[in-house]
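Subject: Structure for you to look at

Hello,

Here is the structure I promised to send. Please open it first, then read my notes below.

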Amino acid sequence: MTEEYRLRTPIKKEEVAKLKAGDILYVSGEIFTSRDRTQQLILKNKGALPFSLQGLIEYHAGPIVRRRNSQWEIVSLGPTTSFRMESSEYDFIKETGIAGVIGKGGMGEKTRKACREFNAFYGVLPGGAAALLSKKVEKILGVYWLEELGVPEAMWHLRVQDLGPIIVAIDSFGNDIYDSLRKRVNENLSRLLKEV
Amino acid sequence: MDILELRKHIVEAIRVCETRLPEDVKKALRKAYDEEDNPLPKKIIGILLENVEIAEKEKRPICQDTGTLTFYVKRGGWSEEELQKAINEAVKEASVEIPLRPNAIDFVSGINSGNNTGRFIPWIVWEPGGENLEITVVAKGGGSEAASSLRVLPATAGRKEIFRTVLESVAQAGAKPCPPIILGVGIGPSSEIALDLAKKALYLRPLGERHENSIIAEMESELLRMVNRLDIGVHGFGGLTALDVHIEYASIHPSSMAVGVVASCWVLRRAVLKVNGNSTVIVSHNTQPFKPKL
């Protein structure tokens, strides 16, 4: 039976341990966006960031923003394909102490291993639902490496209210919805290829 | 109509493309919602539909990945040079106005132009025919490219190999291209013809319409059934994988048959700007079914 949770960051490890693949979450509090190149810069400079990453959520996303009266405003923010970050996610989870990662499309073996070893989770948001998900952002708390990385890849530090539904795809026990998906799809594919 | 006015209309066409899901796609998605019994996929499709309404009402992009813009242009009386300029300027303006995400990066320097224009981008395809100017703009996000592929097969390859190419490329992409996807399949003598036809079949023909050739039409329906039996489902949660499959073909070469597969995420984005003298119309779908001049 799947459960529904409302969590606030920083999320404690015992709260992460309750989550099971298939559960639905709504997250409030501080989170940050990050993609491939962002992760490298965060790892290199995390000591210099004015906030702690411990217990926060890394959001695989590249927003559309607009500047109004010298303030940044989120126009559109939805999840990006997570798998690009698969090769670096293990180290990222290990080094930052984040509680979880959210994105879309699924991750692989290295992220599963990190979730098991460091008690973290990976969740997915509905891809392409950016207009709706943008409304969950209450405030932009800061932006880092905007010059070097450009808008989509910069690190956006956000405060969100009830960001979700996030479907837990990998839990801290290593259960993975997308791994089951791959197996199911491959079986279906073999069957179909015999039919054509 | 002068070039400045045309530019404004192109900006509006880009806005329609990015903020309003075409009626045919909306209809297919609503049908998917009605027919879905499984609670999680149904909940997700419901959210996608709600998102479409918010985007339309607030004129916000449906997806934050506003994609790479391609323009299919029937020139009417206009010159390529003036149209190219009007389109490029319109893209820059739309990037600020709507706004769009800056998605054009020069891979040599690593620099993002910030305005969605760059080397050969936006991509403009000059189409033959048309007494009047007609510009179709389509926006394609990065994630959907996960299910695109190309295979050059021997000319003796038949239906089986075409099906295999499509099924394998959809299966390996899994949930990455944001299913339910829409597929365009192009068959032709060479790689670029196959991919060009695949992309046109995907974007320029309304969902639900079948190819005029009954054998191709039957292949479309059968492929759609098979792709759905892969059971990837909305964002990988099982169930409906594709909303439609469109096939287009050109005569092949005696020795080779290229099969191109181009996928769109559920947010298939297109808008058509028609200019007749001083009257203009912008629609989010093409009222004329795609018929190649072969």
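Start with one term: buried area is the accessible area, taken with a 1.4 Å probe, that two parts lose on being put together, summed over both. You will need it for the contact between the two chains.

First, some ground rules. This is a predicted model, where local features need pLDDT of at least 70, side-chain atom pairs count only at pLDDT 80 or more, and totals for chains, interfaces and linings use all residues. Residues are numbered from 1 along each chain as its sequence is written, chains are lettered from A and ligands numbered from 1 in the order in which they are written, and side-chain values use heavy atoms, with hydrogens and water left out.

**The chains one by one**

Chain A has seven helices and nine strands. Chain B has seven helices and 11 strands. Helices (H or I, at least four residues) and strands (E, at least two) are DSSP runs, numbered from the N terminus.

Boxes along the principal axes give another view. The C-alpha atoms of chain A fill roughly 60 × 40 × 30 Å. Those of chain B fill roughly 50 × 50 × 40 Å.

**Where the chains meet**

Chain B and chain A bury about 3700 Å² between them. Carbon and sulfur atoms account for 66% of that area. In contact (heavy atoms within 4.5 Å) are 44 residues of chain B and 45 residues of chain A.

How many salt bridges cross this interface? The rule finds three. A salt bridge here is a side-chain nitrogen of Lys or Arg within 4 Å of a carboxyl oxygen of Asp or Glu. Side chains of opposite charge can pair when their charged atoms come close. A:K135 forms a salt bridge with B:E58, with the closest N and O atoms 2.7 Å apart.

Which elements of chain B give two or more residues to the side that touches chain A? They are α3 (39-58), α5 (159-173) and α7 (214-229). Helix α3 of chain B gives the most, with 10 residues. By class, this side of chain B has 24 nonpolar, eight polar and 12 charged residues. Ala, Val, Leu, Ile, Met, Phe, Trp, Tyr, Cys and Pro count as nonpolar, Asp, Glu, Lys and Arg as charged, and the others, Gly among them, as polar.

**Inside chain B**

Chain B is divided into domain 1 (1-141 + 268-294) and domain 2 (143-264). The bounds come from an automatic or database domain assignment. The C-alpha centres of the two domains lie 22 Å apart.

In contact are 31 residues of domain 1 and 29 residues of domain 2. The domains bury about 2500 Å² between them, and carbon and sulfur atoms give 67% of it. Between the domains the count is two salt bridges. Eight residue pairs are in polar contact across this interface, both residues at pLDDT 80 or more.

**Local details**

A:E109 and A:R112 meet in a salt bridge (2.8 Å, N to O). Both lie in helix α4 (residues 109-118) of chain A, three residues apart, about one turn of the helix.

Most residues other than glycine have a negative phi, and most peptide bonds are trans. Now look at these spots:

- The peptide bond from A:G164 to A:P165 is cis, with omega near 5 degrees. A:P165 is in strand β9 (residues 155-170) of chain A.
- B:I98 and B:P99 are joined by a cis peptide bond, with omega about -15 degrees. B:P99 is in the loop between α4 (80-97) and β2 (105-106) of chain B.
- A:S70 has a positive phi, near 60 degrees. A:S70 is in the loop between β4 (64-68) and β5 (71-76) of chain A.

Best wishes

Definitions and conventions: Polar contact = N/O pair within 3.5 Å; in protein donor to acceptor, adjacent residues only side chain to side chain.
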